[in-house]
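Here's a quick briefing on a protein chain, for someone who likes to know the cut-offs behind each term. Have a look at the model first.

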Amino acid sequence: MQGEHKNNVLLTELIIVALFFSLIAVTVVQMFVAAHRRSANGALEQRAQIVAQDWAERISGHADAAAMLLSEGFEQSGERAFCREQAGDAFRVEVSFGEPESSNAGSLVSAQLKVFDEKAFNKVFDEKALSAEEKPEAKPIAPLAELALASYISAEGVAM
């Protein structure tokens, strides 16, 4: 009888140890998944920042940035706003220009450039298509990258 009791205690102890190690394993796996997700988000934000910087350089180098954007496949989405879905990178790029500040020497044009994750952007617009009863509360989409830029255009029409 004493031997069976020792076997039961040993078996119970082994089960507790196995449960403890499985709990630790689940926790460690969750930590690796979270780290992978953060790494993937960081890489996406880095690519978005590169896209934003590329478009900012292109815009600031042109005297007529609006015409350049239209020739590059942007669609006009407002009086001084343009958007483009960049299929290769799965980004949506939005550019909005402020009113130019003119002087005798030239004009100062400001612009706001935003890069969104196209998947997240399309998901929100798919939700907007739902009826009012089915629609969850809409949350604003945060851009992955956002740049404000100013470009000086001389009276001769040269962008600086």
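Below are the main points, grouped by topic.

This is a predicted model, so a pLDDT of at least 70 is needed for local features and 80 or more for side-chain atom pairs, while totals for chains, interfaces and linings use all residues. Residue numbers start from 1 along each chain as its sequence is written, and side-chain values use heavy atoms, with hydrogens and water left out.

**Overall layout**

- The protein chain has three helices and six strands, where helices (H or I, at least four residues) and strands (E, at least two) are DSSP runs numbered from the N terminus.
- Going along the sequence, the pattern reads α-α-β-β-β-β-β-α-β.
- Of the 160 residues in the protein chain, 22% are buried; buried means under 20% relative accessible area, exposed means over 50%, and partly exposed is in between (1.4 Å probe, protein chains only).
- Contacts (heavy atoms within 4.5 Å) between residues at least 6 apart in sequence join residues at least 24 apart in 56% of cases.

**Nonpolar core**

- The largest nonpolar core holds 24 residues, and W55, I59, L69, V95, F97, L113 and V115 have the most contacts inside it.
- Two or more residues each come from α1, α2 (65–71), β3 (91–97), β5 and β6 (145–154), and α1 gives the largest share, seven residues.
- A core here is a set of buried Ala, Val, Leu, Ile, Met, Phe, Trp, Tyr and Cys residues joined through side-chain atoms within 4.5 Å.
- Leaving aside residues up to four places away in sequence, V115 touches A48, V51, A52, F91, R92, V93, P143, L144 and A145.

**Nonpolar surface patch**

- V17, F20, F21, I24, V28 and F32 make a nonpolar surface patch of about 590 Å².
- Patches take residues with over 30% relative accessible area and no salt bridge, joining like charges within 9 Å and nonpolar side chains (Val, Leu, Ile, Met, Phe, Trp, Tyr) within 5 Å.
- I24 sits in helix α1 (residues 2–60) and is partly exposed, at 36% relative accessible area.

**Salt bridges**

- The count comes to four salt bridges, each a side-chain nitrogen of Lys or Arg within 4 Å of a carboxyl oxygen of Asp or Glu.
- R58 pairs with D54, with the closest N and O atoms 3.2 Å apart; both lie in helix α1, four residues apart, or about one turn of the helix.
- R58 is partly exposed at 32% relative accessible area, and D54 is partly exposed at 30%.
- R92 forms a salt bridge with E85 (3.4 Å, N to O) and another with E94, where the closest N and O atoms are 3.1 Å apart.
- E85 is partly exposed at 41% relative accessibility and E94 is partly exposed at 23%, whereas R92 is buried at 13%.
- Salt bridges with shared partners also join D54, R58 and E72 into one network.

**Around S107**

- S107 lies in strand β5 (residues 106–117).
- Its side chain makes a polar contact with the side chain of S102 at 3.3 Å; that term means a pair of N or O atoms within 3.5 Å where, within protein, one must be able to donate a hydrogen and the other to accept it, and residues adjacent in sequence count only if both atoms are side-chain atoms.
- Beyond residues up to four places away in sequence, S107 touches E101, S102, S151, Y152 and I153.

Note on methods:
Areas by Shrake-Rupley, 256 points an atom, 1.4 Å probe, with all protein chains shown as cover.
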